Amino acid sequence: MSGYLQAVLVLLAINVVFAYGAYLPLAAGQLNIGLAGFAAIGAYTSAYLSNQFALHPLIAILLGAILSGLVALAVAVPVLRTRGIYLALATFALGQIIRAAILNLEFIGGAAGYPVTGFVGLPMVLGLAFAVVVIVSLLFGTRFGIAVRAVQDDERVADLMGVEVRGFQIAAFTLGAMIAGIGGGLYAHQFGYIEAQYFNVGLSITIVLYVILGGIQTTMGPLIGATVFTLLPELLRESASWRYVAFAAGVIVLMAMRPQGLLTRGQLRQLFAWRHVHGSTHDDGLAGHVA
Amino acid sequence: MFAQQIVNAVMLGSVYAMVAVALTLSIGVLNFLNFSIPGLFMIGGMMVWALAHAGVPLPLAMAGALALAAAASLVVERFTWRWMRTASPFVPLVSSMAFLLLFEHLAIAYWGSDMRVMPDAFASANWRFAGLVIGVPQLVGLVCSVGLIGALSLLLKRTRFGRALRTIAEDSETALMLGVDINRVVAVVFVVAGLFAAFAGILFALNYRQVHPFMGEAVGLKAISAMIVGGMGNIWGSIVGGLIIGLTEVFAILYFGADFVDIAVFGLLLFILFVRPAGLLPGMQTARAGI
């Protein structure tokens, strides 16, 4: 396999993992634009563990994800007291603070960046990304998925129906942070070097864009979004800045033509149904109730 | 020294206040966090540099930069608010983020990503007053920003346009039924927001004399903090918030060093979001802001 193809696949796999980290809270109606902070916690923790204690990268990455989840759990209660745009801004502030804190921590390199000795190859990156997709998909087939969707569609009705709204919101937020932590750990161990500047608000926003472009109605939406919008810019490799211009213009046009994202629940149902399902267009209308 | 820092903080705060006014106008009236505003700030700064660099006299360069930003803001209006006001509230937010990316990378495509130095328009035009050094552009900037914000406040309170605008903020459907030409009023809101952001960018370019395609991000994120701290939807709150953020930034640098700025500013934002999400001066309709 060529080095270029390998690099694209790694980027794709890590973006897919990040996308699911943003998808979980979004599926519960929360816009997390501080995800890069949780990815940074996962990246730095796993890097520190494999550097200092020579842990196997896989174990270091999982421990990093757990710490990321614990931090998310600790802040979830005050952060999730806010809602809507306030919640988005609270997660944004949190991400900025985490990044700035890492910049000031000298034992993990501070502003100079932090080299990582452990290494994970392409098979493990792809394997973990695949595991994340499968686990999240399975999770959304359970009571958890139904409850989270109910919270997304209408928090009050879900509450009236006896859904433990806050519990599921905290769970979705924490699980999303853990998945972002896994993505950060993979990034650290694949590229062998991390710096706090990489985990900026631009990364958080790009990840959220992947998910919303793919569509948040189905668990395959983030996969589609991250794949299309990682690979598409690769076709425009010629000029780096025009590539981003094209990406941004693509986002604007797609949002104008198809605000519910590329993939909707109705489409999936039609794809896998035995007979033609009526009322699938009605399902698309759910996009109007998000958040 | 201490008094000089206060002067610097006030000048910085007035730039934040101008951008915060643009943001707060958009969120207070349209209930839409317009992420393209940092991009319009950058257009103001970079365009005035580009024109001044090409030998255009400063007043003409400023007019050109303002005109371009107003036009760009109208394009944003077409693709975010007008087209998608019935879609999910995420949609305009996402599109405006894409516009920020678009503007930044268009600027890179045209001017490159280097930091550019603004020609010194007011060479050594500093006033020394009781041991303080006050730059003329700083003073003019401060007076202009307070004056413009005051004028905007009068416009909102006293004129027919202001009344129409407040009706839309209250309930856009009722406003439509009462015969308010929503599309026209909203277009004016976008133009005004664009002009405020671009004017702040011009002030920044004249004061700090350096511009680059990403200059909007750092300032825009601090302006968002200023808007929340002061109270979302309240234009005088933007001044208060802008000054508080300016003071926080300058004194964080003075006492803890430049790496500590983000922790201090975004820590303050998070604190306010937790204890008093409506901000110090609550806005016109904070309860409604559900993204």
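Visitor: Is B:Leu12 buried or exposed?
Guide: Count the other C-beta atoms within 10 Å of B:Leu12: there are 23. The cut-off for burial is 20 or more. B:Leu12 is therefore buried.

Visitor: How many Å apart in space are B:Leu12 and B:Trp236, C-alpha to C-alpha?
Guide: In sequence, 224 residues separate B:Leu12 and B:Trp236. In space, C-alpha to C-alpha, the separation is 16 Å.

Visitor: What distance separates the end C-alpha atoms of helix H10 (residues 235-256) of chain B?
Guide: H10(B) has 22 residues. The expected span uses one less than that number, at 1.5 Å each, so H10(B) should span 32 Å. The model agrees with this, at 31 Å.

Visitor: Which residue takes a positive phi just after H10(B)?
Guide: Look just past the end of H10(B). The phi there is about 100°, and the residue is B:Gly257.

Visitor: Is A:Gly37 buried or exposed?
Guide: A:Gly37 lies in helix H2 (residues 35-52) of chain A. Beyond four places in sequence, A:Gly37 touches A:Leu94, A:Gly95, A:Ile98, A:Arg99 and A:Phe199. With 34 C-beta neighbours inside 10 Å, against a cut-off of 20, A:Gly37 counts as buried.

Visitor: How far apart in space are A:Gly37 and A:Gly181, C-alpha to C-alpha?
Guide: The two glycines are 144 residues apart in sequence. Their C-alpha atoms are separated by 8.9 Å.

Visitor: What radius of gyration does chain A have?
Guide: The C-alpha trace of chain A spans about 55 × 45 × 30 Å along its principal axes. For 291 residues, a compact globule would be near 19 Å in radius of gyration. Chain A agrees with that, at 19 Å.

Visitor: What share of the contacts in chain A with a separation of 6 or more joins residues 24 or more positions apart?
Guide: Chain A is built with 13 helices and 2 strands. Of its 291 residues, 53% are buried. Among contacts with a separation of 6 or more, the share from residues 24 or more positions apart is 77%.

Visitor: Which element gives the largest share of the side of chain B that touches chain A?
Guide: On chain B, 37 residues are in contact with 38 residues of chain A. Two or more residues each come from helices H3 (58-84), H4 (90-111), H9 (215-230) and H11 (261-275) of chain B. The largest share is 13 residues, from H4(B).

Visitor: How many residues of the side of chain B that touches chain A are nonpolar?
Guide: Set aside the 5 polar and 2 charged residues on that side of chain B. The nonpolar residues there number 30.

Visitor: Which element of chain B has the lowest mean pLDDT?
Guide: Chain B averages a pLDDT of 85, and 91% of the residues score at least 70. Helix H2 (residues 37-53) of chain B has the highest element mean, 94. The lowest, 68, belongs to strand S2 (residues 126-129) of chain B.

Visitor: Where in chain B does pLDDT stay under 50?
Guide: Where pLDDT is low, the predicted coordinates should not be read in detail. The stretch in question has 23 contacts beyond four places in sequence in the model. It covers residues 285-291 of chain B.

Technical notes: Residues are numbered from 1 along each chain as its sequence is written. Chains are lettered from A and ligands numbered from 1 in the order in which they are written. This is a predicted model: local features need pLDDT of at least 70, side-chain atom pairs count only at pLDDT 80 or more; totals for chains, interfaces and linings use all residues. Two residues are in contact if their C-beta atoms, placed from the backbone, lie within 7 Å. Helices (H or I, at least four residues) and strands (E, at least two) are DSSP runs, numbered from the N terminus. Ala, Val, Leu, Ile, Met, Phe, Trp, Tyr, Cys and Pro count as nonpolar, Asp, Glu, Lys and Arg as charged, and the others, Gly among them, as polar. pLDDT is the predictor's confidence in each residue, from 0 to 100. The radius of gyration is taken over C-alpha atoms; the globule rule is 2.2 Å times the number of residues to the power 0.38. A residue is buried if 20 or more other C-beta atoms lie within 10 Å of its own, exposed if 12 or fewer, and partly exposed in between; C-beta atoms are placed from the backbone.
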